Amino acid sequence: MSDAPAPGDRLGHFRLVSELGRGGFGVVFLADDVDIPGRQVAVKTLRPGVVDAEALRREASALAVLRHPNILVVHEVGESPFGLHLAAEFAPGGTLAARIARRELAREEVLPIARACADALASAHARGVVHRDFKPGNVLIDEHGIPKVADFGIALRSGPGTASGGPDEGTITLAWEGGSTIVGTPFYLAPEVLEGSGASPASDQFSFGVALHEMLAGRRPFDPAGGIRATLADPSIDASIPADLRRIVARCLAKDPRARFPDLHAVVEALDAAIRRRSRERRRLRRLAIAFAATLCVLAGGFFGMRAWRTASARHLNETGSAAMVRGDRDAAREAFVAAHSADPRYLPACANVGTLASLEASPTWAVTLLRDCAATFPEADVVHYNLGAALRATGDLAGAEASLARALDLAGRGPLRSLVVNEIARIEVARGRAAQALARLEGERPFPATAEGTILEKTVGLAALESGDPARATRALSRAIDAGLPEAQRPEAWVLLGRAHEALGRLDEARAAYAQALLAGATGEDERRAREGLTRIAR
């Protein structure tokens, strides 16, 4: 093996950019994927001898089935002159442990994050995968504030004594009497694991209970002086934690695994109930606040003015919804945006945010009525008509969507919004069997702007060309879109379309590579199905 890798080195198709951290298993780098311009990943380089290559590949294959929005995506396992490396989704927000340590975790953020992590673990358990080392240090935060559970057993097949970060904080592997081996982190290890039993979904639940207490109270529920066997003692649950959450924590931390929740799905249900209780309480308090403020408004007479008060209320609720959307709590965001519109129907930012939220949901029927009301209130607002059209398309009302988008196109100038409107109209035309018309419309918009919106238009040219029977033109457009920095969320579909175009031209090697890139780019749903079907067809 060569010397240790450093920024600037190449590991397969990854170019190392900067070091993100290091531990007992190796070093983690931020890296550029040279095969997919614009995509950055986290590459973990593993120390020689820490893990067997075939064992790691088998583990990575098992983890490839874990498709969940709160599980960090592992892209591939590779080997270079520097040794083994692991490429995974890059989450730039750091770890949950760091946020807890810096006391940056607000109380209202805890339950949505905890619920997301519990759901991720439940999904893994349903697939037969046990984490074995769940802790806040293995929860990463992405650029949108969404938690991602990482390190599902990856790189934990080391020999006795290997540690990362010290005996109290890092992952350790110990040989136990009778030949059994345990892997995990002190203060998070379930009692039965410490006593030599194998890891299980129930032991993951215990680790989750420790982490939940840490998120709520800022400390773990076990005395640091207890060392590696700390969790054999009774937990010290912080009295400041609300009673319903104390009950959840206490049940997760039961010494007897049979006394814990039946599974992590039951933990998710308990957290959902706690979230609903708080949501009802917030609504009650908001109604009281609104009533109190209205009373003050009446008493103050003309001093404060009802109009100004309604606008201020809408602005506050809109900001609350924006914050909820950033942290991934769509239910809270939806509730706040609807309340903002109710407080002041003439507050345009709330209407715009409803459209943004609706675009993230598969069938946003809830948004259509509100956006129609917004469109009636703001008949000259291009963004409202665009949002309504996009929401109608998502619910399957293509005719209604086309009418709203036509109105938006009449109002839009030559800026980014026009590109998005044209793109939506073209995709509807393709869906309604008018691919040639869509292609003519798109070509009439050239030259496309040198922006993300321009690359999205180029991708839709590829879709329209493919559906109109011109796969050669489709390959050129799709390759241009990808090479020009197509946004990451758009790449899986682009790779699938490129695979279909190459396949139509008989270029099976290129088609196979494109379908594989779609999966590497994190294809889900229909894109994932088409990519896998394409690979299966080519393999026959």
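Q: What makes the crossing of helix 9 and helix 10 left-handed?
A: In this predicted model, helix 9 passes helix 10 in a left-handed crossing; the term applies if the near helix is turned anticlockwise from the far one by less than a right angle, whereas clockwise gives right-handed. Helices (H or I, at least four residues) and strands (E, at least two) are DSSP runs, numbered from the N terminus.

Q: Why are helix 9 and helix 10 called roughly antiparallel?
A: Helix 9 (residues 330-343) and helix 10 (residues 348-358) pack at an angle of about 150°, with their axes 9 Å apart. Axes are lines fitted to C-alpha atoms, for helices over the stretch in contact, and angles run from 0 to 180 degrees between N-to-C directions. Angles under 35 degrees count as roughly parallel, over 145 as roughly antiparallel, 65 to 115 as roughly perpendicular and the rest as oblique. The pair is therefore roughly antiparallel.

Q: Which residues of helix 9 and helix 10 meet?
A: With contact meaning heavy atoms within 4.5 Å, Arg330, Ala333, Arg334, Phe337, Ala340 and His341 in helix 9 meet Ala350, Cys351, Asn353, Val354 and Leu357 in helix 10. By class, this contact has seven nonpolar, two polar and two charged residues. Here Ala, Val, Leu, Ile, Met, Phe, Trp, Tyr, Cys and Pro count as nonpolar, Asp, Glu, Lys and Arg as charged, and the others, Gly among them, as polar.

Q: How do you know that helix 10 is roughly antiparallel to helix 11?
A: Helix 10 and helix 11 (residues 365-377) pack at an angle of about 150°, their axes being 10 Å apart. That makes helix 10 roughly antiparallel to helix 11. Their crossing is left-handed.

Q: What classes of residue form the contact of helix 10 with helix 11?
A: Cys351, Val354, Gly355, Leu357 and Ala358 of helix 10 and Trp366, Ala367, Leu370, Leu371 and Cys374 of helix 11 make the contact. They divide into nine nonpolar, one polar and no charged.

Q: Which elements have the lowest and the highest mean pLDDT?
A: Strand 9 (residues 172-175) has the lowest (46) and helix 5 (residues 201-217) the highest (95), where pLDDT is the predictor's confidence in each residue, from 0 to 100. Where pLDDT is low, the predicted coordinates should not be read in detail.

Residues are numbered from 1 along each chain as its sequence is written. Local features need pLDDT of at least 70, side-chain atom pairs count only at pLDDT 80 or more, and totals for chains, interfaces and linings use all residues, while side-chain values use heavy atoms, with hydrogens and water left out.
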